[in-house]
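This note is written for a student who is learning to read a protein model. Please keep the sequence and the structure in view while working through the points below.

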Amino acid sequence: MTRKPLIAANWKMYKTPAQAQEFVKNFLPLVARHERDEVVLCPSFTSLSVVIAAVTGSGVAVGAQNMYSADEGAFTGEISPLMLKAIGTTHVILGHSERRQYFCETDETINRKLHTALRHELTPIVCVGEVLAEREAGKTEEVLLRQTRGVLAGIPPEHAAPIVIAYEPVWAIGTGKTATPQIASDAHKVIRGEVAKLLGAEVADKLRILYGGSVKPDNATALMSESEIDGALVGGASLDPQSFGKIVNY
Ligand code: PEP
């Protein structure tokens, strides 16, 4: 099964609209005619529109870093999938570990968002991954199984095709410690195996599982060479166009 790799930039809470626009100006020439991978930029909500306008016609897609699970309503400060769709957003990151850690997101709230994203035809990049204490206690597999089951609860196999999962071991995010290709590959096998049980072998076979956690230009090739790794979710190293360009062109 060949799965088109997806490489996404998670800019977190960095870049004003002007800085985001400047990034795109410098980044697009580095990936002109790049077709091997799906490339997605995920700026803050306030930069979505300028980035969407700036990438028009380039083949680069734009995603949000979060969204709410309702279409509209009295939810002060939240952003709805309808609003994201209306401006041309095509992807959305759900359940990033920073959302789980600082904003109390759980498998249950992420699951609700996933149902909503699929209903609105946004491509969801759903994050799972263990914290250091869980890895050290030998609980990585248990955590990945619990999170995979939780975020995918109630998703019918026939609606699951757009789902992308990002395995992001929390101990590797922003720390400079990368999972070895073997560690990442083993985790991806656990996730894919569970998806096969939940949604069937065909969905599991087609599912793209990205690795995220201190991906840099100098480790991207080794990680992406693993057949189980179908792309990357990149934080810090995606803030600089040259560095992210090198990762995309691994
Ligand atoms: C991320 O934010 O999803 C991430 C993986 O960050 P970093 O690449 O900086 O570890």
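Is Glu72 buried or exposed, and what is its relative accessible area?

1. The model under review is a predicted one. In it, Glu72 has a relative accessible area of 67%. Since a residue counts as exposed when this value is over 50%, Glu72 is exposed. Glu72 sits in the loop between β3 and α3. From the C-alpha atom of Glu72 to that of Leu82 the distance is 8.0 Å, and ten residues separate the two in sequence.

2. Thr76 also deserves a look. This residue belongs to the loop that runs between β3 (61–64) and α3 (81–86). Its relative accessibility is 83%, and Thr76 therefore counts as exposed.

3. Ser214 is part of the loop between β7 (208–212) and α10 (217–224).

4. Lys15 is located in the loop between β1 (6–10) and α1 (17–27).

5. The next point concerns the ligand. Which residues come nearest to the ligand? There are 14 residues around the ligand, and those that come nearest are Lys12, Glu168, Gly174, Ser214 and Gly236. Sorted by class, this shell holds four nonpolar, eight polar and two charged residues.

6. In Ser214, a backbone N or O atom is 2.7 Å from an oxygen atom of the ligand. In Lys12, the atom concerned is a polar one of the side chain, 2.8 Å from a ligand oxygen. In Asn10, a side-chain N or O atom lies 3.0 Å from an oxygen atom of the ligand. On its own, the ligand has 300 Å² of accessible area, and the protein covers 98% of that.

7. Attention may now turn to the pockets. The largest pocket holds about 390 Å³ of space. Of the 14 residues that line the largest pocket, Lys12, Met13, Gln65, Arg99 and Phe103 are nearest its centre. Helix α4 (residues 97–102) contributes the most to this lining, with three residues. The lining is made up of six nonpolar, five polar and three charged residues. The reader may note that Lys12 is named both here and among the residues that come nearest to the ligand.

8. How much space lies in the second largest pocket? Its volume is about 220 Å³. The lining has 14 residues, and Ala161, Glu202, Val203, Lys206 and Leu207 are the closest to the centre of the second largest pocket. Helix α9 (residues 201–206) gives the most to this lining, with three residues. By class, the lining of the second largest pocket divides into eight nonpolar residues, one polar residue and five charged residues.

Methods
Residues numbered from 1 in each chain as written. Predicted model: local features only at pLDDT ≥ 70, side-chain atom pairs only at ≥ 80, totals over all residues. Heavy atoms only, no water. Near = heavy atom within 4 Å. Polar contact = N/O pair within 3.5 Å; in protein donor to acceptor, adjacent residues only side chain to side chain. Areas by Shrake-Rupley, 256 points an atom, 1.4 Å probe, with all protein chains shown as cover. Nonpolar A, V, L, I, M, F, W, Y, C, P; charged D, E, K, R; others polar. 1 Å grid on protein atoms, 1.4 Å probe; cavity = no way out; pocket = protein on both sides within 12 Å on 5 of 7 lines; lining within 4 Å. Points joined across faces, edges and corners; volume = space filled by probe spheres on them. Helix = DSSP H or I, 4+ residues; strand = E, 2+ residues; numbered from the N terminus. Buried < 20%, exposed > 50% of the residue type's maximum accessible area, 1.4 Å probe, protein only.
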